[in-house]
Amino acid sequence: MSVNSNMKAWILSIGNELLIGRIVNTNASWIAKQLTFLGINVTRIITVPDIIDEIVEELERGLKYANIIITTGGLGPTYDDKTLEAVAKATKRNLVLNSEALNMISMKFSKGNLPMTKEREKMAYMPEGAIPLKNSAGTAPGSYLEINGKIIISLPGVPKEMEAIFEEEVIDRIKKIIPPIFVIECGFKVEGVPESSLAPILEQVDKKFSNLYIKSHPKGIEVGGPILEIKVLASDKDKNKAKEIAESALKIVKEQAEKLKGKISEEYC
């Protein structure tokens with residue numbers, strides 16, 4: 001679905017723990033959904049290790065093809081937290097001690113009667129010109145850097161911290177730089193129709209409507225006990241128009257599914 005062809009985003013997940021399967025990458029799917037409903041096309045989700053050169057390589061590629069890059073992970077106090085160093089290198093900027101970030105961090109630790117150490121101070125080093133993003137759920141601030149019309153947003157890897165910063169500090173900033181757009185999700189469940197039987201109908205619907213994404217998600221057994229979830233995302237500058245597109249698309253699929261003796265349930269829009 002192309003909700004806004006002029007605004008593309010890459011999500012860059014950073015961390016060895018993701019690549020070895022120790023942690024499931026829920027951050028990327030959560031961010032992708034938030035961006036989609038803001039009207040931004042997520043065109044890449046990439047996972048890289050805690051190696052500066054590899055992070056830099058993906059950042060440099062992202063700056064060529066995306067308007068927004070959101071990174072998660074690598075903002076903490078340990079030796080392998082290298083994200084902002086990589087952002088500085090990719091954007092050819094110095095990594096400097098950000099006084100606003102330092103104040104955010106020192107206030108957090110002073111409340112816990114803990115002294116500032118070089119490891120804690122490390123979290124306040126950011127690319128020159130970056131804006132620190134307040135972390136209400138943790139200690140490491142996020143980072144917001146705009147360069148040549150492109151934006152790099154760096155968030156912690158801890159999900160509750162990432163979500164808090166995104167909701168409190170990122171959403172409003174993004175809304176200011178994108179045209180207003182509404183994205184509506186609708187869907188239903190159908191039992192008794194194989195996915196392969198509905199595939200040509202979904203293809204026809206996809207071609208019929210612009211600014212629409214339609215997808216079937218198998219939940220049963222294709223031959224013997226088919227169950228499908230049908231989901232539609234439709235977008236438009238007018239909320240009512242977006243809903244009208246979604247409902248019209250689903251109506252076609254629903255009618256065809258019923259003709260194939262499918263049982264419809266769990267409709268929503």
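Biologist: What is the secondary structure content of the protein, in helices and strands?
Modeller: The model is a predicted one, and the protein has nine helices and twelve strands. Its C-alpha trace spans about 70 × 35 × 35 Å along the principal axes.

Biologist: How many residues are there, and what share counts as buried?
Modeller: The protein has 269 residues, and 45% of them count as buried. The accessible surface is about 13900 Å², and carbon and sulfur atoms make up 49% of that.

Biologist: What part of the contacts with a separation of 6 or more comes from residues 24 or more positions apart?
Modeller: Such residues account for 70% of those contacts.

Biologist: And the charges: how many positive and negative ones are there, and how far apart are their mean positions?
Modeller: There are 36 positive and 36 negative charges, and their mean positions are 3 Å apart.

Biologist: Let us turn to α3. What length does the helix reach?
Modeller: Helix α3 covers residues 52-65, which is 14 residues. From its first C-alpha to its last, α3 reaches 20 Å, close to the 20 Å expected at 1.5 Å a residue.

Biologist: Which of its residues are buried?
Modeller: In α3 the buried residues are I52, I55, V56, E58, L59, G62 and L63. They lie on the same side of α3, because the arc they cover around the axis is only 170°.

Biologist: What covers that side, and which exposed residues does the opposite face carry?
Modeller: The cover over the buried residues of α3 includes strands β1, β2 (41-48), β3 (68-72) and β8 (150-155), together with helix α4 (83-90). The face turned away from the buried side carries D53, K64 and Y65, which are exposed.

Biologist: Since β1 came up, where is W10, and is it buried or exposed?
Modeller: W10 is in strand β1, residues 8-14. Its relative accessible area is 4%, so W10 is buried.

Biologist: What does W10 contact beyond its neighbours in sequence?
Modeller: Leaving aside residues within four places in sequence, W10 is in contact with T43, R44, I46, E58, R61, G62, Y65, A66, I68, I69 and I70. Among these, E58 and G62 also belong to the buried residues of α3.

Biologist: How does α5 look, in span and in buried residues?
Modeller: Helix α5, residues 99-111, has 13 residues and reaches 18 Å from first to last C-alpha, close to the 18 Å expected. Its residues A101, I105 and F109 are buried. They cover an arc of only 60° around the axis, which puts them on the same side of α5.

Biologist: What lies over them, and which residues are exposed on the other side?
Modeller: The cover of the buried residues of α5 includes α6 (118-122), β5 (125-127) and β6 (131-133). On the other side of α5, S99 and K111 are exposed.

Biologist: Where are N211 and E266 located?
Modeller: N211 lies in the loop between α8 (195-208) and β10 (212-218), whereas E266 is in strand β12, residues 263-268. N211 counts as partly exposed, because its relative accessibility is 31%. For E266 the value is 53%, so E266 counts as exposed.

Biologist: Lastly, where is N27, and what does it touch?
Modeller: N27 lies in helix α2, residues 26-37. N27 touches T72, P156, G157, P159 and M162, not counting residues up to four places away in sequence. With a relative accessible area of 6%, N27 is buried.

Technical notes
Residues are numbered from 1 along each chain as its sequence is written. This is a predicted model: local features need pLDDT of at least 70, side-chain atom pairs count only at pLDDT 80 or more; totals for chains, interfaces and linings use all residues. Side-chain values use heavy atoms; hydrogens and water are left out. Helices (H or I, at least four residues) and strands (E, at least two) are DSSP runs, numbered from the N terminus. Buried means under 20% relative accessible area, exposed over 50%, partly exposed in between (1.4 Å probe, protein chains only). Contact means heavy atoms within 4.5 Å. Accessible areas come from the Shrake-Rupley method with a 1.4 Å probe; for residues, only the protein chains shown count as cover. Lys and Arg count as positive and Asp and Glu as negative; His and the chain ends are not counted. The place of a charge is taken as NZ of Lys, CZ of Arg, CG of Asp or CD of Glu. The expected span of a helix is 1.5 Å times one less than its number of residues. The arc is that of the directions from the helix axis to the C-beta atoms.
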